[in-house]
Amino acid sequence: MGLALHVRTKGSPEQLASAVRSRLASIDPGINITAMVPMNDFMAAAYFAHRIGASLLSALGAIALALAAIGLYGVMSYSIGQRTHEIGIRMALGASPSLVLRNVFGIGMKLAAAGVLAGLILCAVFTRLASKMLYQVSGTDPGTFAAVALFLAVVAAVASLLPARRATRIDPARALSNE
């Protein structure tokens with residue numbers, strides 16, 4: 001059976017190692033000291049697996065966010081491609097580029113709002129399962145939910161704005177002649 005001794009120091013732990021060894025030897029010469037490790041190093045080794053898991057989950061989350069943004073961009077681009085004739089007619093009848101931008105951007109944001117709402121509902125349902133793995137935040141922290149929803153909305157806005165800006169540059173004559 002092993003025994004762990006924790007010593008608090010005001011200086012460098014390495015400088016006191018020989019003093020601690022000699023003091024322990026004076027108390028009991030039979031004590032076998034196998035390792036003297038600073039607490040920071042000990043804690044880093046103890047939580048290494050947790051840190052790797054958190055890093056992996058963060059990387060997978062970033063990949064999922066990128067895929068969601070690319071997917072929304074693709075859906076919006078495809079939608080604009082399918083609606084080129086309609087957008088050309090609107091612009092030929094006098095719709096301003098800002099109106100087209102608002103219309104197309106609004107569609108993208110509605111899709112994003114539906115996705116964020118579905119995600120928030122699923123998070124609220126499954127928060128009990130993940131609450132044991134959270135550190136310094138509760139599973140139902142409204143600030144975290146709001147921050148994540150806002151962040152996803154910003155990503156969706158950027159992914160929707162690019163195709164919406166492209167829709168404002170549709171030439172009505174060219175769009176109508178392609179039909």
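Biologist: Which element gives the largest share of the lining of the largest pocket?
Modeller: That's α3, with 10 residues. A helix here is a DSSP run (H or I, at least four residues), numbered from the N terminus. Bear in mind that this is a predicted model, where local features need pLDDT of at least 70, side-chain atom pairs count only at pLDDT 80 or more, and totals for chains, interfaces and linings use all residues. Residues are numbered from 1 along each chain, and side-chain values use heavy atoms, leaving out hydrogens and water.

Biologist: What makes a residue part of the lining of a pocket?
Modeller: On a 1 Å grid over the protein atoms alone, a pocket is an open set of points with protein on both sides within 12 Å along at least five of seven lines, and lining residues have an atom within 4 Å of a point. For the largest pocket, 34 residues qualify, with L57, C123, A130, L134 and V148 nearest its centre. Two or more lining residues come from each of α3 (48-82), α5 (97-130) and α6 (142-168).

Biologist: How many residues line the second largest pocket, and which lie closest to its centre?
Modeller: The second largest pocket is lined by 25 residues, and L5, H6, A35, M36 and V37 sit closest to its centre. Here α1 (13-27) and α2 (39-46) are the elements giving two or more residues, and α1 has the largest share, six.

Biologist: On to charges. What makes E86 and R83 a salt bridge?
Modeller: The rule asks for a side-chain nitrogen of Lys or Arg within 4 Å of a carboxyl oxygen of Asp or Glu. E86 and R83 meet at 3.0 Å, N to O, so this pair passes the rule. R90 and E86 also form a salt bridge, at 2.9 Å between the closest N and O atoms. The total comes to two salt bridges, and R83, E86 and R90 are linked in a network.

Biologist: Why are R90 and E86 separated by about one helical turn?
Modeller: Because they are four residues apart in helix α4 (residues 84-92).

Biologist: How do you know what to call V125?
Modeller: V125, found in helix α5, has 54% relative accessibility, so it counts as exposed.

How values were computed. 1 Å grid on protein atoms, 1.4 Å probe; cavity = no way out; pocket = protein on both sides within 12 Å on 5 of 7 lines; lining within 4 Å. Buried < 20%, exposed > 50% of the residue type's maximum accessible area, 1.4 Å probe, protein only.
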